[in-house]
Structures are given as C-alpha cells and as structure tokens.
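Please read them with the structure open.

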Amino acid sequence: MRTRRPQSKAQDPKRPVWPDLKRDRYLYLLALPGILFFIIFKYIPITNLIIGFQDYSPYLGITGSKWVGFEHFTRFFSNPDFWILLRNTLGISVMNLIFFFPAPIILALMLNEVRSLIMKRTVQSLIYIPHFLSWVLIYGLTFLMFSQSEGLFNKLLTSMNKDTIDILSNPNYFWGMLTAQSIWKEVGWGTIIFLAAIAGVDPQQYEAAVIDGAGRFRRMWHITLPAMRNVIMILFILRLGTIMDTGFEQVYLMMNAAVTQVAEVFDTYVYRVGIRQGEFSYSTAIGLFKSIVGVILVVGANKTAKRFGEESLY
C-alpha cells in the first residue's frame, strides 16, 4: 500500500502565520514605510475613481454628487484636443523608448569593459549625480545653456560669427530636448540594475570565451547581453505600462507659448483643466483612461513575452 508523504510545515496551509511574522518582524518593519506609501497614495485613491462617472462637487461629496455615467469620457474623446494630446504623449514616450531606454544598457556594457577599477568607480559616481538634481534645477541649466539671448551655446555661435538658434522656443526641437534631458539625468542611475545583472555572470564564461578566441564584442554579444536579457525584458514591459506618463514636471517646466502645440500632454492637460479650473470629474476620467491603457499594454506585452519564451512579470 502506497503511503502518503507528510506535508512539510512550509506547505501546510493550516499553519498559523503569527510565528513567521514574529520571526521576521524586523524585515516586515523595514518594509512598513513602503507598504504604507502604496496603501495611502496608490490603493486608497483608487476608491475615488468613481467621481470620474459623477458630476462631482466638493460640497456634496461622493455620495451626494450626481451620477452622469460616461459623459466625461465622451466629452474627452470628442474634444479636438484629444488627438493632439495623444500625439504629443505617444511621440515623447516613443522617443524615450527608442533613445532613452537603450542608453543605460549601452552605458552598462561600456562600463563593464573598463578594466581600471578606479576609473570605473569615478565614472559611475559622476554619472549618478544628475539623478539627484530636481527638474527645476535642470530647467535652469538648460536655459543657461540654450537660451537664445543668454545661453552659452548661442554665445559660442555668436563668437564664431554664426546666427543664433532658438532651441527652447522652436517646436521642432522640443521632443528631442526632453529626450536629451531624460538621458542626461537618468542614464547613469539606470545602469545600476544592468550592472547588477552583469555582476552575476560567471567569470569562467569569459575565460572560456577568451581561450576560444572570442574578442570583446563577441564576449559582449554572446555572454553579457544574454545575461541581461531577462532584466531588459521585464523593464521593457514596465516601461510600456508608463507610456502614457511623460513626466509632468519636466514637460510643464519646459513648456512655453511657442511650443504648446507639441508640448501639451495628458499630464499637463489634467493639471490645467482639473486642478486650475476645478473640473475634478473630467480630469479623473482622463486619469482613468491613462491607467486602463497602461494596464492593457502591460498585460499584452507580458503575454507576448511568455508566448515567445521570454522572461515575464507573472
């Protein structure tokens, strides 16, 4: 007669949770600030999404406001500004996806090839610094560099008897300027996770490749990049989920009257209409639309990655 294996304590569903909580109390205490942050600022606000389907009034509250259904969504989709907002938001996000997303990967590969440890640490420290600068400060630096009247770039052109270039007020340069700012500010910080993935590669693989006659580029292509592939895929899926978010602070600070037609995105539109004009229900509907699009993209990309045998979120 076949005997049944006894179930381990770790697999016993009836085992009380309290002993585990008591044993790992310091780990849970360490995670408590992050848990509270997500509960207060992420999960609790979800309950207020209902005002997107109401004619919300702060004086009447959620329970007393009139129910209007999909009226705000219909108004938003029929608004001529919708297609301008969609074009600008997707345009900026695609620019970041094409140029900004690969930048930390390329930089991590380059840093991994630096043999001098002192040089490597120095470069890493220098490229991390911009991450800690606020967008206000970065806007100030951008203005000092590219202002048509006071900018260093145009002063150099003037000293060479060349015409100045109006970069900050030219719509043709706006998306490229935002992408360049994002790369300069975040590319160093983004290399941390890729360098951590590279650090997990067994050095014997590189030694065997050298014995087989593989050069640096061959080792990079056949050893380093495959080690980063899972991380790249997961971050790419997460990046798709934020494709409707272009960064309010950066766009709002760089925006001016001359570039409004290419600078107005969903985030700035929600601030202008929802906060400054007090249309809370309308702006909530726009935010809900952005969230739904993000969820659809994440789920779709995750299923596609699993279908092709790549690493996925779940």
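1. Helix 11 and helix 12 are roughly antiparallel to each other, because their packing angle is about 150° and angles over 145 degrees count as roughly antiparallel. Their axes lie 11 Å apart, and the crossing is right-handed. On the helix 11 side the contact is made by Gln205, Tyr206, Ala209 and Val210, and on the helix 12 side by Arg219, Ile223 and Thr224. Four of these residues are nonpolar, two are polar and one is charged.

2. The model is a predicted one, so a word on confidence belongs here. The mean pLDDT of the chain is 87, with 95% of residues at 70 or more. Helix 5 (residues 81–100) has the highest confidence, at 93, whereas helix 1 (residues 18–23) has the lowest, at a mean of 80. Where pLDDT is low, the predicted coordinates should not be read in detail.

3. Helix 12 (residues 216–241) also packs against helix 6 (residues 102–112), where the axes come within 12 Å and cross at roughly 135°. That angle makes helix 6 oblique to helix 12. The crossing of this pair is right-handed. Helix 6 contributes Ile105, Leu109 and Asn112 to the contact, while helix 12 contributes Met220, Thr224, Leu225, Met228 and Ile232. By class, the contact of helix 6 with helix 12 has six nonpolar and two polar residues, and no charged ones. Thr224 of helix 12 is listed in the contact with helix 6 and also in the contact with helix 11.

4. Which way does helix 15 run relative to helix 16? The axes of helix 15 (residues 266–276) and helix 16 come within 8 Å and cross at roughly 165°. That makes helix 15 roughly antiparallel to helix 16. The crossing here is left-handed.

5. Which residues of helix 15 and helix 16 meet? From helix 15 they are Phe266, Asp267, Tyr269, Val270, Val273 and Gly274, and from helix 16 they are Phe280, Tyr282, Ser283, Ile286, Phe289 and Lys290. By class, this contact has eight nonpolar, two polar and two charged residues.

6. The length of helix 16 (residues 280–307) can be checked against its residue count. At 1.5 Å a residue, its 28 residues should span 40 Å, and the C-alpha atoms at its ends are 41 Å apart, which agrees. Just after helix 16, Gly309 has a positive phi of about 75°.

Definitions and conventions. Residues numbered from 1 in each chain as written. Predicted model: local features only at pLDDT ≥ 70, side-chain atom pairs only at ≥ 80, totals over all residues. Heavy atoms only, no water. Helix = DSSP H or I, 4+ residues; strand = E, 2+ residues; numbered from the N terminus. Expected span 1.5 Å × (residues − 1). pLDDT = per-residue confidence, 0-100. Axes fitted to C-alpha atoms, helices over the stretch in contact; angles between N-to-C directions. Parallel < 35°, antiparallel > 145°, perpendicular 65-115°, else oblique. Left-handed = near helix turned anticlockwise from the far one by under 90°. Contact = heavy atoms within 4.5 Å. Nonpolar A, V, L, I, M, F, W, Y, C, P; charged D, E, K, R; others polar.
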